[in-house]
Amino acid sequence: MVAARAGVSTATVSLVTNGKTTGRVSAENIAKVEDAVAELGYVVDGLGSSLAKGRSNIVILVAPDVSNPFFAKVIAGVREAIGDDYQLLLSVTDAGLTPSPADVRNLLSLRPAGLLVDAPSAQFLAELPSAGPMVLLDAAGVVSDAPSVNFDVARGAEMLADHLASLGHRTVAYLDSVTGTETFRVRKEAFCRGAAAHGIRVVADVATTIDMGASAQAFARAWPAWAQTGVSAVVCCTDTHAYGVLQEARVARIEVPGQLAVTGFDDLPFSATSNPGLTTVHLPAGELGRAAGRQLLLLLAGEQIPRPGLTLESTLVIRGSTAGSAAD
């Protein structure tokens with residue numbers, strides 16, 4: 001109908017609506033097609049195009065929790081990398097939980113151009129059907145043939161152990177995530193190894209969803225027993241967990257860092273302005289998204305990825321939640 005209204009071929013309409021006119025369609029014919037499209041209210045049939053090409057222009061990002069500001073940065077980085085040629089579709093579920101392979105399997109009917117999987121578990125990847133081009137994000141500890149962009153979370157956890165040891169802490173608790181993803185396993189094991197090397201005892205291990213309220217409740221329940229064992233620091237696997245601990249510590253009138261040091265992981269924006277500021281491991285979330293997006297584009301173009309196992313550096317940011325604290 002558009003071709004008939006404009007007086008051109010359907011091939012010309014296709015070139016115009018897909019933005020491929022350079023050197024192929026005259027300015028006059030472009031104007032005719034655009035006028036016809038506007039008059040008829042024509043919208044490109046994405047499903048029909050994906051059937052013809054074998055894939056759509058959709059990129060699916062599988063992430064545990066887009067409400068977390070950390071993932072907002074990752075998403076922004078991905079969008080910046082893939083540009084306007086691809087539409088980003090998010091596959092998410094309840095806070096802190098990775099979508100199931102069945103959820104992703106249903107989305108494969110959209111014939112996505114590729115998948116980006118953030119913080120996967122080994123079980124998730126084992127159960128995921130063959131999905132074409134795929135890049136893993138924050139997948140430290142995962143064995144996979146897929147290219148990946150990871151944080152050096154192990155080094156970040158070791159730096160936390162070094163920092164707490166330098167302040168004289170000898171007994172600490174660890175607040176973990178229930179997601180079961182490999183990145184949390186790696187950071188916990190690395191911290192425990194670093195702590196042991198310094199003679200620090202990790203006497204407690206509690207896990208909650210990545211939720212400030214849940215971590216606050218967990219800390220409130222655990223603190224009386226922790227205090228009796230001499231816990232002088234709580235190491236949290238995310239900043240969100242740490243915010244809950246700081247909140248409950250204020251309610252219980254526990255002085256931070258005088259009585260209790262608190263650390264996090266991620267370096268979310270609020271960590272610099274919380275009261276006190278949160279000592280945490282900075283993970284460059286935006287660069288994670290950009291690097292993964294660039295790797296996926298190379299896969300889609302059939303090009304070689306120079307560094308299929310890229311690792312981004314983590315850094316320790318020391319703030320008031322530990323600075324000047326010391327164990328008895």
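**Exercise 1. Work out how exposed glutamate 28 is, and what its salt bridge with lysine 32 looks like.**

Step 1: Glutamate 28 has a relative accessible area of 53%. That makes it exposed, because the class starts over 50%, with buried under 20% and partly exposed in between (1.4 Å probe, protein chains only).

Step 2: Lysine 32 sits at 34%, so call it partly exposed.

Step 3: The closest N and O atoms of glutamate 28 and lysine 32 are 3.6 Å apart. A salt bridge needs a side-chain nitrogen of Lys or Arg within 4 Å of a carboxyl oxygen of Asp or Glu.

Step 4: Both belong to helix α3 (residues 27-40), four residues apart, which means about one helical turn between them. Helices here are DSSP runs (H or I, at least four residues), strands are E runs of at least two, and both are numbered from the N terminus.

A quick note on the model: it's predicted, so local features need pLDDT of at least 70 and side-chain atom pairs pLDDT 80 or more, while totals for chains, interfaces and linings use all residues. Numbering runs from 1 along each chain as its sequence is written, and side-chain values use heavy atoms, leaving out hydrogens and water.

**Exercise 2. Find which parts of the chain the salt bridge between glutamate 80 and arginine 290 links.**

Step 1: Their side chains meet at 3.5 Å, N to O.

Step 2: Glutamate 80 is in helix α5 (residues 69-82) and arginine 290 in helix α12 (residues 285-300), 210 residues apart.

Step 3: Glutamate 80 is exposed at 56%, whereas arginine 290 is partly exposed at 24%.
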